[in-house]
Amino acid sequence: MFVERYFGFFLLFVCTVFLIMSFGLPVYSTNLGAVGAGLFPRIISILLFLFLCFHLFQIMRLKKKEAEEQVDKKTRFQQIFLIVFLVVTIGLSYVIGMLASIGVFMFTILAFVQKIPWFKAFTFTIVVLIMMYVIFELWLDSPLPLGIFG
Amino acid sequence: MLSELLTGFTTMLSSPEAMLWCLIGVTLGTIIGALPGLGPITGMALLLPLTFKMDQLSSLILLMSIYLGSMYGGRISSILINVPGDGGAIVTTFDGYPLARKGKAGYALTLSAIASFVGGVFGFVGMVFLTTILARYALMFGPAEYFSLILFTLIVACGLTQKNPLKPIIATLLGLLLSTIGTDMVTGEERLTFGFVELWDGMNIAVIGIGLFGISEVLFRLEEKATTRGMKTNIKFSSLFPKVSEVVSNTGSMIRGSIIGFIVGVLPGPGALLSTFLSYTVEKKMSKKPDEFGKGAPAGLSGPEASNNASVGGALIPTFALGIPGSASAAILMGGLLMVGLQPGPLLFENSSTIVWASFAGFFIANVLLLILNVAFVPAFALLIQKIELFLVPFIAAFCFIGVYMINYSFFDIWLMIIFGLVGYFFRKTNFPLAPFFFAFILGPMLEDNLRKAILTATGDLTVFFKSPISLFFLIATAIVLVLPHMRKNKTEIKSSSKHM
């Protein structure tokens with residue numbers, strides 16, 4: 001219920017932003033004598049706003065707290081770590097290149113999150129990196145960022 | 001017609017070079033299709049330069065084989081790791097992946113390969129016999145007809161007819177709203193882009209799909225117990241293949257899917273994507289156990305898979321007969337045809353009859369090769385997923401990362417993928433259905449575009465949607481679908497209250 005409530009408010013916030021922005025767009029396009037760019041988003045955002053309000057009203061009205069599936073702190077930390085590390089990998093790609101940063105990401109997650117022995121984690125990472133290199137660099141000839149190796 | 005087809009088969013089988021390119025095409029296509037983010041369009045576009053130095057038949061066969069192969073390949077990653085290879089394989093995740101989690105990855109892969117084959121053969125038969133007839137009917141679909149068809153698909157597919165439709169409605173509307181981001185195609189106005197240049201072209205379907213399904217899957221996997229990881233690892237060899245009776249029981253869904261796929265494939269524009277959604281909707285509506293859909297219903301897998309591959313044959317009809325590509329992939333194929341000196345259109349059958357009929361024969365041979373390849377490698381795929389189970393979290397994340405980057409060579413897309421991964425995670429956590437959201441996101445631009453085109457061409461007359469018989473048919477069907485469950489519900493309530501009295 002806790003997550004549902006906050007997620008509902010988050011969706012309402014997103015919807016409100018879109019609703020406000022849609023009012024800046026014309027409903028009719030006078031030049032072309034056609035429907036403007038704002039009609040469709042405005043109708044949709046108004047409807048969404050109303051339904052979300054009703055949804056939140058329903059949630060708030062529920063007095064009994066439904067049992068929510070609990071996620072332990074360790075798992076929550078692992079999830080946050082993974083997302084943060086994905087973001088770090090974007091930054092690292094500029095510095096050491098995409099393949100190398102993906103390698104760092106994979107090894108870190110395997111060794112520290114999945115608790116797989118270092119040697120196994122290292123071997124698997126190398127195999128996947130070689131596979132990616134062959135597919136993307138050699139075969140598809142894709143310009144992957146190389147960073148300092150470029 | 002049959003004698004020409006027979007000549008086509010003779011030409012094809014007597015050309016070792018064309019046969020070799022057919023084999024290479026289906027193999028490359030399958031691999032490309034299985035890679036997240038890379039679909040038939042990217043695959044054919046990347047390999048188009050290869051065809052420059054080939055003869056006409058070989059180049060045509062190679063492109064068609066890649067097209068068909070990637071349609072088969074897209075389902076592999078959908079079933080095994082819940083990451084759709086391309087748009088047409090999105091629906092495969094709905095029931096294919098839950099089957100894999102039940103330890104039936106091999107079963108799901110084989111069943112979908114058979115369904116793909118049935119769809120492919122249906123597409124082939126349709127392509128051979130109905131090319132000229134159906135091409136004429138396809139032209140009867142204007143914006144108003146498309147709008148009604150898409151509206152019907154959205155309403156039915158999004159579960160708006162369920163007992164508690166509030167969450168599907170919210171998910172659908174949110175998908176529609178986010179689909180409006182980008183440059184307005186009619187007026188050229190920039191809308192809802194928040195100043196990001198990267199959003200001018202809107203958000204890429206594959207990026208959003210990979211985020212919603214792939215990244216959220218990674219986060220969910222971390223929550224599952226380390227011992228089981230949610231997927232059965234003790235897979236028996238016998239469970240890798242469906243029983244004959246199981247295949248037979250899915251024949252209906254495969255045929256229905258093939259018909260839908262073929263017809264929708266013929267219509268220029270929507271292609272495989274819409275056909276799979278439509279097929280899924282029909283199967284769910286027709287099923288005696290609709291609750292099983294999304295939890296591993298075989299019909300939810302076989303129908304859309306057949307439809308996905310049947311749409312290829314359908315899409316090639318307007319490409320060959322009219323010179324109007326039925327899908328984006330067919331457009332690239334048409335580019336290939338033009339580059340090797342073949343002019344698609346009514347005269348193609350007169351000027352290059354031998355090559356066209358040989359390519360039709362090649363289309364059938366490619367289907368047979370794909371069935372053999374896909375069924376033969378099922379144990380390998382099932383074994384692979386069993387062995388790398390513990391390594392899947394970073395593996396999926398890494399492939400999503402590089403796959404998304406490859407779509408537009410943009411880091412912005414990776415940011416979007418992460419954001420939508422989190423959205424997908426919370427959707428699943430709070431029991432908001434992901435499918436309606438994604439359905440609406442994909443169909444939204446088509447819905448809006450056709451709505452506006454229809455109003456524009458009718459100079460503002462809204463009755464245009466009721467004047468066309470095809471459009472009217474779909475609107476009535478939509479109304480029936482919306483009203484019928486409520487009527488049934490009222491009837492049941494009346495019955496139960498009369499019993500109590």
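**Entry 1: where chains A and B meet**

I looked first at the contact between the two chains in this predicted model, and I found that 65 residues from chain A and 65 residues from chain B take part, where contact means heavy atoms within 4.5 Å. Chain A and chain B bury about 6000 Å² between them, and 86% of that lies on carbon and sulfur atoms; buried area here is the accessible area (1.4 Å probe) that two parts lose on being put together, summed over both. On the side of chain A, the residues that lose the most area to chain B are A:Phe18, A:Phe40 and A:Trp139, which together make up 12% of what that side buries.

I then looked for salt bridges, each being a side-chain nitrogen of Lys or Arg within 4 Å of a carboxyl oxygen of Asp or Glu, and the count between chain A and chain B is one. B:Lys167 forms a salt bridge with A:Glu4, and their closest N and O atoms are 2.5 Å apart.

I also followed A:Gln79, which is found in helix H3 (residues 73–96) of chain A; helices (H or I, at least four residues) and strands (E, at least two) are DSSP runs, numbered from the N terminus. Leaving aside residues up to four places away in sequence, A:Gln79 touches A:Val71 and, in chain B, B:Leu219, B:Leu222, B:Glu223 and B:Tyr425. A:Gln79 counts as buried because its relative accessibility is 5%, given that buried means under 20% relative accessible area, exposed over 50%, and partly exposed in between (1.4 Å probe, protein chains only).

**Entry 2: how I read the model**

I note that residues are numbered from 1 along each chain as its sequence is written, and that chains are lettered from A and ligands numbered from 1 in the order in which they are written. Local features need pLDDT of at least 70 and side-chain atom pairs count only at pLDDT 80 or more, while totals for chains, interfaces and linings use all residues, and side-chain values use heavy atoms, with hydrogens and water left out.

**Entry 3: chain B and its helix H20**

I recorded 22 helices and two strands in chain B, and 61% of its 501 residues count as buried. Helix H20 (residues 434–457) of chain B has 24 residues and reaches 35 Å from its first C-alpha to its last, close to the 34 Å expected at 1.5 Å a residue, the expected span being 1.5 Å times one less than the number of residues. H20(B) is mostly covered, with 17 of its 24 residues buried.

Where is the kink in H20(B)? I found it at B:Leu443, shortly before the proline B:Pro445, with a value of about 45°; the bend at a residue is the angle between axes fitted to the seven residues ending there and the seven starting there.

**Entry 4: positive phi values, and a buried serine**

Most residues other than glycine have a negative phi. B:Asn431 is not a glycine, yet its phi is positive, about 60°, and B:Asn431 sits in the loop between helix H19 (411–429) and H20 of chain B, where it is exposed at a relative accessible area of 60%. B:Phe194 also has a positive phi, near 55°, and B:Phe194 is partly exposed, at 41%.

I ended with B:Ser279 in helix H12 (residues 271–286) of chain B, which counts as buried at 0% relative accessibility. Among the residues that B:Ser279 touches are B:Gly257, B:Ile260 and B:Pro304.
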